[in-house]
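Student: I have a structure to read and would like to go through it with you. Please tie each term to its cut-off as we go.

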Amino acid sequence: MCNDYRLIVDIASIVEDFEDLTIKIKMPEGKPNVAAREDIKITDPAPIVRSVEGERAAGELVSRRWSWAGQKGRPVYNFRSEGRQFTSHRCLILADGFYEFTDPADAKQKRLDKWLFTMADHRWFCIAGIWRAAPEGEAFTMLTMDAGPDVATYHHRQIIPLPHDRWADWLDPAVPAEKTLAWMPKGSLPVTQVYGSPPAQAVLL
């Protein structure tokens with residue numbers, strides 16, 4: 001499951017892309033000061049666009065912690081989407097890639113093989129998420145579903161990347177979740193190995 005993702009596109013370009021889609025972006029806390037990062041890890045602060053109650057095609061751009069504390073203090077960084085409607089507290093998590101890890105093809109290799117997924121025809125995209133208030137402050141988590149055709153070789157579950165034509169719907173809690181949270185066609189999420197020796201076939205974790 002995804003515990004590492006990437007965002008190297010600058011915030012100004014991201015805001016421009018939202019404007020091109022006629023999605024109004026508000027910055028109630030000012031423009032987030034977000035450095036380009038190859039690896040955003042659990043508990044790191046990162047930019048999200050959260051829905052604005054009562055407004056269609058609008059969102060608030062803020063920086064929040066990835067994960068809140070769950071049972072026994074374990075971080076809730078992924079959250080199952082099946083059977084849930086998410087009628088409030090929706091958010092878009094800004095990314096231009098996410099990682100999955102598999103057992104190494106080389107038995108002598110101690111680290112897991114690392115794979116980067118991007119989105120075809122998108123220089124960046126959004127991941128479906130929700131946010132909530134927590135004792136440690138407001139935080140967000142990524143929604144998950146059974147793995148689709150591009151990810152299934154690497155893991156049996158996946159986060160839910162959203163192409164730009166689904167962003168406004170996810171920001172609108174009146175739109176049923178199942179309309180937005182769906183697999184993309186095969187080939188939509190190109191994958192590149194960034195660590196490890198290329199295997200004949202990836203091994204499921």
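Student: Why is Gln158 called buried?

Tutor: Buried means under 20% relative accessible area, exposed over 50%, and partly exposed in between (1.4 Å probe, protein chains only). Gln158 has 4% relative accessibility, so Gln158 counts as buried. This is a predicted model, in which local features need pLDDT of at least 70, side-chain atom pairs count only at pLDDT 80 or more, and totals for chains, interfaces and linings use all residues. Residues are numbered from 1 along each chain as its sequence is written, and side-chain values use heavy atoms, with hydrogens and water left out.

Student: What makes the residues around Gln158 a strand?

Tutor: Helices (H or I, at least four residues) and strands (E, at least two) are DSSP runs, numbered from the N terminus. Gln158 lies in strand 14, which covers residues 157–159.

Student: What does the side chain of Gln158 reach with a polar atom?

Tutor: A polar atom of that side chain lies 2.8 Å from the backbone nitrogen of Gly148. A polar contact is a pair of N or O atoms within 3.5 Å; within protein, one must be able to donate a hydrogen and the other to accept it, and residues adjacent in sequence count only if both atoms are side-chain atoms. Separately, the C-alpha atoms of Gln158 and Leu143 are separated by 8.5 Å, and the two residues are 15 apart along the chain.

Student: Why is Thr141 called buried?

Tutor: Thr141 has a relative accessible area of 0%, so Thr141 is buried. Thr141 is in strand 13 (residues 139–146), and its side chain reaches the backbone oxygen of Tyr77 at 2.9 Å. Contact means heavy atoms within 4.5 Å. Not counting residues up to four places away in sequence, Thr141 touches several residues, including Trp66, Trp68, Tyr77 and Ile130.

Student: Which residue is buried and which is exposed, Ser67 or Lys72?

Tutor: At 0% relative accessibility, Ser67 counts as buried. Lys72 has a relative accessible area of 79%, so Lys72 is exposed. Ser67 is in the loop between strand 5 (58–66) and strand 6 (68–69), while Lys72 is in the loop between strand 6 and strand 7 (75–76). Phi is positive in each case: near 100° for Ser67 and near 60° for Lys72.

Student: What makes a set of residues a nonpolar core?

Tutor: A nonpolar core is a set of buried Ala, Val, Leu, Ile, Met, Phe, Trp, Tyr and Cys residues joined through side-chain atoms within 4.5 Å. The largest one here has 57 residues, and those with the most contacts inside it are Tyr5, Phe18 and Leu94. Strand 12 (residues 125–132) gives the largest share of this core, six residues. Leu94 touches, among others, Tyr5, Leu7, Phe18 and Trp124, not counting residues up to four places away in sequence. Phe18 is one of the buried residues of helix 1 (residues 11–20). In soluble globular proteins, nonpolar side chains tend to be buried together.

Student: Why does Asp4 count as buried?

Tutor: Asp4 has 2% relative accessibility, so Asp4 counts as buried. The place of Asp4 is in strand 1 (residues 4–7). Asp4 and Arg6 point one way from strand 1 and Tyr5 and Leu7 the other way, and all are buried. In a regular strand the side chains alternate between the two faces of the sheet.

Student: How do you know that strand 1 and strand 3 pair?

Tutor: Two strands pair if DSSP finds at least two bridges between them. Strand 1 and strand 3 have three bridges and pair in the antiparallel sense. Tyr5 has Ile40 as its bridge partner in strand 3. Strand 1 also pairs with strand 10 (residues 97–102) in the antiparallel sense, over two bridges, and there Tyr5 stands opposite Phe98.

Student: What makes strand 3 and strand 16 edge strands?

Tutor: Five strands form an open, antiparallel sheet in the order 3-1-10-11-16. Strand 3 (37–41) and strand 16 (191–195) each pair on one side only. Strand 11 (residues 113–117) pairs with strand 16 over four bridges, with Trp115 opposite Gln193.

Student: How is the predictor's confidence in each residue given?

Tutor: It is given as pLDDT, from 0 to 100. The mean pLDDT of the protein is 92, and 95% of its residues reach 70 or more. Over residues 200–205 pLDDT stays under 50.
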